[in-house]
Amino acid sequence: MRLTFGRRGLLTDLSVADTGPGIPEEHQAPIFEQFHQVDSSNTKAKGGTGLGLAIAKQIMEMHGGRIWVGSTLGKGSTFQMDLPTRAELRKKAP
């Protein structure tokens with residue numbers, strides 16, 4: 001796993017990358033929805049409810065940030081986040 005952290009203008013960037021099996025493209029957007037899991041024996045063996053990424057997305061959006069994933073099968077995934085570093089730049093929560 002690789003963790004990177006930095007500043008880009010008025011944003012704080014964070015990324016977490018792994019060298020795991022990767023996430024199929026059709027599952028990359030839905031994994032941020034509640035109870036969605038990539039259906040594989042490896043995922044099922046590790047358990048989980050499918051709430052973690054949905055909660056992370058909600059927290060990021062409440063603070064005016066965003067979270068997304070890029071992934072290549074057989075090479076791993078990178079979860080990226082950016083968050084405004086100044087309170088006045090944060091979006092109002094809906």
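Buried means under 20% relative accessible area, exposed means over 50%, and partly exposed lies in between (1.4 Å probe, protein chains only). This is a predicted model, in which local features need pLDDT of at least 70 and side-chain atom pairs count only at pLDDT 80 or more, while totals for chains, interfaces and linings use all residues. Residues are numbered from 1 along each chain as its sequence is written, and side-chain values use heavy atoms, with hydrogens and water left out.

**First selection: Glu61 and Lys57.** Both residues belong to helix H3 (residues 52–62), 4 residues apart, about one turn of the helix. Helices (H or I, at least four residues) and strands (E, at least two) are DSSP runs, numbered from the N terminus. Glu61 is partly exposed at 41% relative accessibility, and Lys57 is likewise partly exposed, at 30%. The two form a salt bridge, with 3.8 Å between the closest N and O atoms. A salt bridge requires a side-chain nitrogen of Lys or Arg within 4 Å of a carboxyl oxygen of Asp or Glu. By this rule the count comes to 4 salt bridges.

Because Arg66 lies in strand E3 and Asp82 in strand E4, the pair ties together parts that are 16 residues apart in sequence. Arg66 is partly exposed, with a relative accessible area of 44%, whereas Asp82 is buried, at 5%.

Asp13 is part of strand E2 (residues 11–17). A salt bridge joins the side chains of Arg8 and Asp13 (3.0 Å, N to O). Asp13 is also in contact (heavy atoms within 4.5 Å) with residues including Phe5, Met81 and Asp82. Arg8, Asp13, Arg66 and Asp82 are linked in a network of salt bridges.

Ile23 sits in the loop between E2 and helix H1 (25–28) and is buried, with a relative accessible area of 13%. Ile23 and Ser77 are 54 residues apart in sequence, yet 6.9 Å apart in space, C-alpha to C-alpha.

Key: Lists of a residue's contacts leave out its neighbours within four places in sequence.
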